[in-house]
Amino acid sequence: MLSDSSVTTMLPVKDMDRARAFYEGCLGLKPGGLRPDGKFVYAVGGSTLSLFPRPEGTKADHTAISFQVDDIAASIANLKRAGVVFEDYDYPELKTVDHVCVLGSEKAAWFKDTEGNYLCIHEDIAEG
């Protein structure tokens, strides 16, 4: 029923200017514009990312959005140069090495935006 629908990811932000500086300056997203309801949108690979003002910010402790990349190591290096700080984990079920965790058929790395939202980049591992 919804398989042909476009998807919008909604992320709460406390400080729109600070969040926009991160998404545009660090992640390189191109601004799509401010909507009358206060949301700010970005077109991202055929989907939409919408930042919406929320004074209390996020309460989520899980990945809010994951960006698929072709080369996770190169993407990490580029994002770090832009000021992104990656998370590292050392749990029995989740361990990162050089910020990367292998999860079945993909590699993943996590970071937070300026508003506390957990973001991820992931690379599919070729079957073979």
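This is a predicted model: local features need pLDDT of at least 70, side-chain atom pairs count only at pLDDT 80 or more; totals for chains, interfaces and linings use all residues.
Helices of at least four residues and strands of at least two are DSSP runs, numbered from the N terminus.

**The whole chain**

Start with the protein chain in a cartoon view. There are 2 helices and 10 strands to find. Followed along the sequence, they come in the order β-α-β-β-β-β-α-β-β-β-β-β.

The C-alpha trace spans about 50 × 35 × 25 Å along them. The radius of gyration is 15 Å, which agrees with the value near 14 Å that a compact globule of 128 residues would have.

Among contacts with a separation of 6 or more, 53% are made by residues 24 or more positions apart.

Next, show the surface. The protein chain exposes about 7900 Å², and carbon and sulfur atoms supply 51% of that area. Of the 128 residues, 36% count as buried.

Colour the surface by charge. The chain carries 13 positive and 20 negative side chains. The centres of these two sets lie 7 Å apart.

**Stop one: Glu 115**

Select Glu 115, in the loop between strand 9 (106-112) and strand 10 (118-124). Is this residue buried or exposed? Glu 115 counts as buried because its relative accessibility is 3%, and the cut-off for buried is under 20%.

A polar contact of 2.7 Å joins it to the side chain of Glu 115.

Then show what else surrounds Glu 115. Leaving aside neighbours within four places in sequence, Glu 115 is in contact with Pro 12, Val 13, Lys 14, Asp 15, Arg 18, Ala 19 and Thr 58.

**Stop two: the loop between strand 7 and strand 8**

Move to the loop between strand 7 (94-95) and strand 8 (101-103), where Val 97 is found.

Select Thr 96. At 9% relative accessibility, Thr 96 counts as buried. Which residues does Thr 96 touch, not counting those up to four places away in sequence? They are Asp 88, Tyr 89 and Cys 101. With Asp 88 there is also a polar contact of 3.2 Å between the two side chains.

Go on to Val 97. Its relative accessibility of 55% makes Val 97 count as exposed.

Asp 98 follows. This residue is exposed, with a relative accessible area of 67%. Check its backbone angles as well: Asp 98 has a positive phi of about 55° although it is not a glycine. Most residues other than glycine have a negative phi.

End the tour at His 99. Here too phi is positive, near 75°, in a residue other than glycine. Is the side of the scale for His 99 buried or exposed? His 99 is buried, with a relative accessible area of 14%.

Thr 96 is buried at 9% and His 99 is buried at 14%, while Val 97 is exposed at 55% and Asp 98 is exposed at 67%.

Note on methods
Residues are numbered from 1 along each chain as its sequence is written. Side-chain values use heavy atoms; hydrogens and water are left out. The radius of gyration is taken over C-alpha atoms; the globule rule is 2.2 Å times the number of residues to the power 0.38. Buried means under 20% relative accessible area, exposed over 50%, partly exposed in between (1.4 Å probe, protein chains only). Contact means heavy atoms within 4.5 Å. Accessible areas come from the Shrake-Rupley method with a 1.4 Å probe; for residues, only the protein chains shown count as cover. Lys and Arg count as positive and Asp and Glu as negative; His and the chain ends are not counted. The place of a charge is taken as NZ of Lys, CZ of Arg, CG of Asp or CD of Glu. A polar contact is a pair of N or O atoms within 3.5 Å; within protein, one must be able to donate a hydrogen and the other to accept it, and residues adjacent in sequence count only if both atoms are side-chain atoms.
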